[in-house]
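Biologist: Can you walk me through this model? Keep it short, please.

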Amino acid sequence: KAGDDSKPLVLFVHGSPGSLSAFIHFLADTTLLSATLLITSDRPGFGYSNFGQGEASLRRQSEALKPILEHHKGNRPVILVGHSLGGPLIARISIDYPELVDGLIIVAGSIDPELEPNETWFRAPLATPFLSWLLPRSFRASNEEIYHLKPELEKMLPLWSAIRCPVIVIQGQKDSLVPAGNADFARKMLVNAPVKFVLKDDMDHFVPWSNPELIQEAILSMTKELSLAKK
């Protein structure tokens, strides 16, 4: 973590595979450091969080990250930034613990179950106990959660209407890993939340590295919005 401990909290949630290092460069952003407290964390199965032991359930992943929010919440706003698989996870956290979340920034989020690629033909064998141990540990954890992602997203379908906090969706039209249609899904499902869309025609999936300024701008915009709403 880095930044001003008296300012709004921003928790970064990485994709799959990945680790807290996916957002580590944001913790050196002097503009953000003066305006927020920044935390980036390893999700279950990655980095130093039981490396290689993936967690398929988004609900249980949500539960695993809850203590970070509880510890730092206080009276401050909390903004979650989720990239790729981190997108549906931050949505799940806001559904499970609305009292701990004040805003969501979904970056190239794989949220629409109908747009998940049909990869069970190779992921299912790799998820078996025998073959899974042949994989590098980061890919073992990744395969475990991606193999189960579509049914996990289907479980969330009736829950999206529970999200009421502000949401910013950042999506590239040239994203070959998470189709741009996921932004349309957000528009359809977030019926009770104020939503803004940042759509770029020439942008791919790797937004935290290729277009970090979009995430920075979204964070600053949302912290300002939440501060004004509090007054």
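Modeller: We will go through the fold, then the packing, then some backbone details.

Modeller: This is a predicted model, where local features need pLDDT of at least 70, side-chain atom pairs count only at pLDDT 80 or more, and totals for chains, interfaces and linings use all residues. Residues are numbered from 1 along each chain as its sequence is written, and side-chain values use heavy atoms, with hydrogens and water left out.

Biologist: How many helices and strands does the protein have?

Modeller: The secondary structure comes to 10 helices and 7 strands. Helices (H or I, at least four residues) and strands (E, at least two) are DSSP runs, numbered from the N terminus.

Biologist: What is the strand order in the sheet?

Modeller: The order is E1-E3-E2-E4-E5-E6-E7, in an open sheet of 7 strands with mixed pairing. Two strands pair if DSSP finds at least two bridges between them.

Biologist: And which are the edge strands?

Modeller: Strand E1 (2–3) and strand E7 (195–200). Each pairs on one side only.

Biologist: How many bridges join E5 to E6?

Modeller: There are 4 bridges. E5 covers residues 103–107, E6 covers residues 167–172, and the two run parallel. Ile-106 stands opposite Val-169 in E6.

Biologist: Now the helices. What does H3 lie across?

Modeller: Helix H3 (residues 86–96) lies across strand E2 (9–13), strand E4 (78–83) and E5. H3 runs at about 150° to E4. Axes are lines fitted to C-alpha atoms, for helices over the stretch in contact, and angles run from 0 to 180 degrees between N-to-C directions.

Biologist: At what angle do H2 and H3 cross?

Modeller: Roughly 70°, with the axes of helix H2 (residues 58–72) and H3 coming within 9 Å. That makes H2 roughly perpendicular to H3. The cut-offs: angles under 35 degrees count as roughly parallel, over 145 as roughly antiparallel, 65 to 115 as roughly perpendicular and the rest as oblique.

Biologist: Which residues in H2 and H3 meet?

Modeller: From H2, Leu-58, Arg-59, Gln-61, Ser-62, Leu-65 and Leu-69. From H3, Pro-88, Leu-89, Arg-92, Ile-93 and Asp-96. Contact means heavy atoms within 4.5 Å.

Biologist: What does Ala-91 touch?

Modeller: Leaving out residues up to four places away in sequence, Ala-91 touches Leu-104, Met-156, Trp-160 and Ile-163. Ala-91 and Ile-111 are 20 residues apart in sequence and 8.8 Å apart in space, C-alpha to C-alpha.

Biologist: Core next. How many residues are in the largest nonpolar core?

Modeller: That core has 36 residues. Leu-69, Leu-80, Trp-160 and Ile-163 have the most contacts inside it. H3 gives the most to this core, with 5 residues. Apart from it lies another core, of 22 residues, among them Ala-22, Ile-105, Val-107 and Met-222. A nonpolar core is a set of buried Ala, Val, Leu, Ile, Met, Phe, Trp, Tyr and Cys residues joined through side-chain atoms within 4.5 Å.

Biologist: Which residues of H8 are buried?

Modeller: In helix H8 (residues 181–189), they are Asn-182, Ala-183, Phe-185, Ala-186 and Met-189. They cover an arc of only 155° around the axis, which puts them on the same side of H8. The arc is that of the directions from the helix axis to the C-beta atoms. These buried residues pack against E6 and E7. On the other side of H8, Asp-184 and Lys-188 are exposed.

Biologist: What about the phi of Ser-84?

Modeller: Positive, about 60°, although Ser-84 is not a glycine. Ser-84 is in the loop between E4 and H3. Ser-84 counts as buried, at 12% relative accessibility.

Biologist: And the phi of Ala-108?

Modeller: Near 50°, a positive value in a residue other than glycine. Ala-108 lies in the loop between E5 and helix H4 (120–126).

Conventions: Buried < 20%, exposed > 50% of the residue type's maximum accessible area, 1.4 Å probe, protein only.
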